[in-house]
Every structure is written in structure tokens, then in C-alpha cells.
Amino acid sequence: MSIVATARITLKDADRDLPGAFGLGCVQLLEGVAMERSLNRAAKRLGMAYSKAWRIIREAENQLGCQLLVRDGARGSSLTPAGERAVTAYRTLQAEVNELLTRRTGELLDL
């Protein structure tokens, strides 16, 4: 038998009670925008309505206090430098947490 511990990272403003968070769903949307150059196409790839995608992005921007995405009219959308940093930071934190959980689960359960 193989035991796995999992955790999901979410980032929220600790000083304000705001809706939403910056988490995996937003990261996947931003990565999709980086690939597709369109929030609409990124949302469709995830089976999500465009309006829900915008809500997730706006709530994450409020939590982090920065703009993650910029629309360029008919040319689509792209990540801001802050959006790129947020995605990289999230993926790095998640990888580090996963590594810690894998190591410590084995140590603590002595499997």
C-alpha cells in the first residue's frame, strides 16, 4: 500500500476579509492565458464560463493587490509581470510543500 499526503496552496490577504483566493484554479487560468493569449479560450479549456474566469481573476487580483492579467482588445490577453511572478511563486511553493509532505509522511509513518 502506498500512502500520499496532499495539500493545496491558497494565498489570501491576511488583513482583509475578501472573497476568493489565489489558488490552483487561478494559476491554471493564467497558464492557459499564457499559452492561448486569451482568457476566453483558457476558460473553455478548463470547461469554465468566461464570466466565472473573470471573477476568479478579479478576486485573485484583489487578494494579491496587483493586476495579473491585461486585456489588449482584439489581440487577446497576456500576463503582467506580477501575474508571471505569481504563477511561478505558486508552482514553486506547491512543489516545495509536496516534497516536504512526501518526505515527512514516510518518516512519520515509517513506511
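Which residues in H1 meet Ala 53, Ile 56, Ile 57 and Ala 60 in H3? The legends below take up this question after an overview of the fold.

**View 1. Overview of the predicted model and its elements.** This is a predicted model, in which local features need pLDDT of at least 70 and side-chain atom pairs count only at pLDDT 80 or more, whereas totals for chains, interfaces and linings use all residues. Residues are numbered from 1 along each chain as its sequence is written, and side-chain values use heavy atoms, with hydrogens and water left out. The protein has four helices and two strands, where helices (H or I, at least four residues) and strands (E, at least two) are DSSP runs numbered from the N terminus. Read from the N terminus on, the elements follow the order α-α-α-β-β-α. Taken along the principal axes, the box filled by the C-alpha atoms is roughly 55 × 35 × 25 Å. Of the 111 residues in the protein, 33% are buried, a term that stands for under 20% relative accessible area, with exposed meaning over 50% and partly exposed the range in between (1.4 Å probe, protein chains only). Among the contacts (heavy atoms within 4.5 Å) with a separation of 6 or more, 52% come from residues 24 or more positions apart.

**View 2. The packing of helix H1 against helix H3.** Cys 26, Leu 29 and Leu 30 are the residues in H1 that meet Ala 53, Ile 56, Ile 57 and Ala 60 in H3. The residues of this contact of H1 with H3 divide into seven nonpolar, no polar and no charged, on a scheme that counts Ala, Val, Leu, Ile, Met, Phe, Trp, Tyr, Cys and Pro as nonpolar, Asp, Glu, Lys and Arg as charged, and the others, Gly among them, as polar. H1 and H3 (residues 50–64) pack with their axes 10 Å apart and at an angle of about 110°, which makes H1 roughly perpendicular to H3. Here the axes are lines fitted to C-alpha atoms, for helices over the stretch in contact, and the angles run from 0 to 180 degrees between N-to-C directions; angles under 35 degrees count as roughly parallel, over 145 as roughly antiparallel, 65 to 115 as roughly perpendicular and the rest as oblique.

**View 3. The packing of helix H1 against helix H4.** Helix H1 (residues 24–36) and helix H4 (residues 81–109) have axes 10 Å apart and pack at an angle of about 130°, and the two helices are therefore oblique to each other. H1 and H4 also form a left-handed crossing. On the H1 side the contact is made by Leu 24, Val 27, Gln 28, Leu 30 and Glu 31, which meet Gly 83, Val 87, Tyr 90 and Arg 91 in H4. The residues of this contact of H1 with H4 comprise five nonpolar, two polar and two charged.

View 4. Glu 31 forms a salt bridge with Arg 91, and the closest N and O atoms of the pair are 2.8 Å apart. Glu 31 lies in helix H1 and Arg 91 in helix H4, so the pair ties together parts that are 60 residues apart in sequence. Glu 31 is partly exposed at 26% relative accessibility, and Arg 91 is likewise partly exposed, with a relative accessible area of 35%. A salt bridge is defined here as a side-chain nitrogen of Lys or Arg within 4 Å of a carboxyl oxygen of Asp or Glu, and the structure holds eight salt bridges.

**View 5. Further salt bridges.** The side chains of Glu 36 and Arg 45 form a salt bridge with an N to O distance of 3.5 Å, and Glu 36, Arg 41 and Arg 45 are linked in a network of salt bridges. Glu 36 is partly exposed at 24% relative accessibility, and Arg 45 is partly exposed at 48%. In helix H4, Arg 104 and Glu 107 lie three residues apart, about one turn of the helix, and their side chains meet in a salt bridge (2.7 Å, N to O).

**View 6. The surroundings of Glu 61.** Glu 61, found in helix H3, is buried, with a relative accessible area of 15%. Not counting residues up to four places away in sequence, Glu 61 touches Cys 66, Gln 67, Leu 68 and Leu 69. Glu 61 and Ala 21 are 40 residues apart in sequence, and their C-alpha atoms are 8.8 Å apart in space.

Conventions: Left-handed = near helix turned anticlockwise from the far one by under 90°.
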